[in-house]
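Please read it alongside the sequence and coordinates.

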Amino acid sequence: MTEKRPVLVATESDDITADMVITELNRRDVPVVRFNPADIGEDLTVSARFGTCPAPVAGQVRTPSRTADLALVRSVYWRRPEWPTFSHLSPDDSRFAAAQVRYGLGGTLYALDGPLWVNHPLRIAAADYKPAQLALAQQLGFTVPPTVVTNDPDEAREFVRARGEAIFKTLRWTPYTRDGVPVTGWADPVTADEIDDSIRVAPHLFQALVDKVADLRVLIVGRHTFALRIESGLLDWRKDYSVLTYTVEHLPTQVEKALRVYLDRLGLVSGSFDLAVDRAGDYWWLELNPNGQWGWLETETGLPMSAAFADLLMQGDSQ
């Protein structure tokens with residue numbers, strides 16, 4: 001079946017958050033073509049032509065049940081796609097094949113100038129650098145915790161001692177295991193005595209501890225803003241979702257406006273912001289996740305987040 005004006009949803013096979021948005025789009029009779037790049041060769045086929053017709057790009061993306069005409073794509077929801085690893089091939093062949101998929105399938109999708117991207121993967125990648133986030137946040141007037149990014153142990157120790165209480169955060173979440181056990185990087189307290197020469201291997205992010213009373217998660221989707229106050233008593237609330245309580249927060253106009261400007265500067269139409277609230281009620285910048293999780297928040301609060309994504313994806317290139 002060839003879909004008319006479909007929404008493409010690129011994500012892994014098991015993605016409850018994407019399912020919520022697709023369900024909302026189905027309810028509105030919006031055609032959806034869902035695919036995962038890792039399925040290339042079996043359950044995913046791409047064919048694109050250039051320089052052979054009036055449209056800059058012509059062709060199709062096909063799954064076993066759906067076909068999307070690339071010239072008619074309304075919008076692309078780039079959620080959590082997986083790229084193939086070709087583990088059955090030799091190391092050199094697998095690297096070659098993986099590169100061809102990224103630059104063939106990925107390049108074909110990037111060449112589309114009609115659809116709205118939520119969000120474009122190249123924009124997501126550019127927005128994911130924490131040092132650049134901190135600099136932009138300060139430029140836009142947010143209060144940024146004193147932070148150092150360094151692989152110099154002396155500078156790191158000096159910074160931590162000067163701050164009294166400090167934390168360590170990973171510069172980017174990266175899945176890995178240690179002795180076969182999955183390891184996750186939390187925001188953790190750190191003392192100067194814990195810092196040794198091993199940090200010379202790579203830059204580390206150390207930050208002054210914010211004397212917070214609560215966290216804020218702010219999801220912006222197109223014209224919709226959802227701000228939730230999260231109370232947990234934890235330094236990093238992600239460690240235990242069972243103790244979290246949620247309250248809808250009404251952001252000051254200037255804060256919401258600054259967050260929207262932040263997204264505009266990065267070329268994003270959606271993002272999940274993390275802020276902290278101190279004892280005086282002031283907001284502190286923590287970070288932006290340009291492709292963050294939000295599905296559990298809708299389940300916990302009933303806020304219509306999936307409907308907001310459906311609104312945005314339906315409107316597509318009319319935005």
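How many residues has helix α2, and how far does α2 reach from its first C-alpha to its last? Helix α2 (residues 91-110) has 20 residues and reaches 27 Å between those two atoms, close to the 28 Å expected at 1.5 Å a residue. The expected span is 1.5 Å times one less than the number of residues in the helix. Helices (H or I, at least four residues) and strands (E, at least two) are DSSP runs, numbered from the N terminus.

This is a predicted model, in which local features need pLDDT of at least 70 and side-chain atom pairs count only at pLDDT 80 or more, whereas totals for chains, interfaces and linings use all residues. Residues are numbered from 1 along each chain as its sequence is written, and side-chain values use heavy atoms, with hydrogens and water left out.

**Helix α2**

- The buried residues of α2 are Ser-94, Ala-97, Ala-98, Val-101, Leu-105, Gly-106, Thr-108 and Leu-109. Here buried means under 20% relative accessible area, exposed over 50%, and partly exposed in between (1.4 Å probe, protein chains only).
- Viewed down the axis of α2, these buried residues fall within an arc of 155°, so they line one face of the helix. The arc is that of the directions from the helix axis to the C-beta atoms.
- An α-helix has 3.6 residues a turn, so residues three or four places apart point the same way.
- Asp-92, Arg-95, Phe-96 and Tyr-103 are exposed on the face of α2 that is turned away from its buried side.
- The packing partners of the buried residues of α2 are β2 (7-10), β3 (32-35), β4 (45-49), β5 (58-62), β7 (75-78) and β8 (116-118).

- Ser-94, in helix α2, is buried, with a relative accessible area of 12%.
- Neighbours within four places in sequence aside, Ser-94 is in contact with Thr-85, Phe-86 and Leu-89. Contact means heavy atoms within 4.5 Å.
- Arg-102 also belongs to helix α2, and at 42% relative accessibility Arg-102 counts as partly exposed.
- With neighbours within four places in sequence again left aside, Arg-102 is in contact with Trp-83 and Gly-107.
- Arg-102 and Ala-71 are 31 residues apart along the chain, and their C-alpha atoms are separated by 20 Å.

**Helix α8**

- Of the 11 residues of helix α8 (residues 305-315), eight are buried, so α8 is largely enclosed by the rest of the structure.
- The buried residues of α8 are Met-305, Ser-306, Ala-307, Ala-308, Phe-309, Ala-310, Leu-312 and Leu-313.
- Gly-316 follows α8 and has a positive phi, near 55°.

**Cavities and a pocket**

- The structure holds three cavities of 30 Å³ or more. On a 1 Å grid over the protein atoms alone, a cavity is a set of points where a 1.4 Å probe fits but cannot get out, and a pocket is an open set with protein on both sides within 12 Å along at least five of seven lines; lining residues have an atom within 4 Å of a point.
- The largest cavity has a volume of about 90 Å³. Its lining comprises 14 residues, of which Ser-270, Pro-290, Asn-291, Gly-292 and Phe-309 are the closest to its centre.
- Strand β18 (residues 270-278) gives the most to this lining, with three residues.
- The lining of the largest cavity divides into six nonpolar, seven polar and one charged. Ala, Val, Leu, Ile, Met, Phe, Trp, Tyr, Cys and Pro count as nonpolar, Asp, Glu, Lys and Arg as charged, and the others, Gly among them, as polar.
- The second largest pocket holds about 260 Å³ of space. A volume is the space filled by probe spheres set on the grid points, which are joined across faces, edges and corners.
- Residues lining the second largest pocket include Phe-168, Arg-172, Trp-173, Tyr-176, Arg-178, Trp-186 and Asp-188. The lining of this pocket divides into five nonpolar, four polar and three charged.

**Backbone features**

- Most residues other than glycine have a negative phi, and most peptide bonds are trans.
- Asp-29, not a glycine, has a positive phi of about 60°. Asp-29 lies in the loop between α1 (16-27) and β3 and is exposed, with a relative accessible area of 69%.
- Phe-86, in the loop between β7 and α2, also has a positive phi, near 50°. At 17% relative accessibility, Phe-86 counts as buried.
- Val-118 and Asn-119 are joined by a cis peptide bond, with omega about -15°. Asn-119 is found in the loop between β8 and α3 (121-127).
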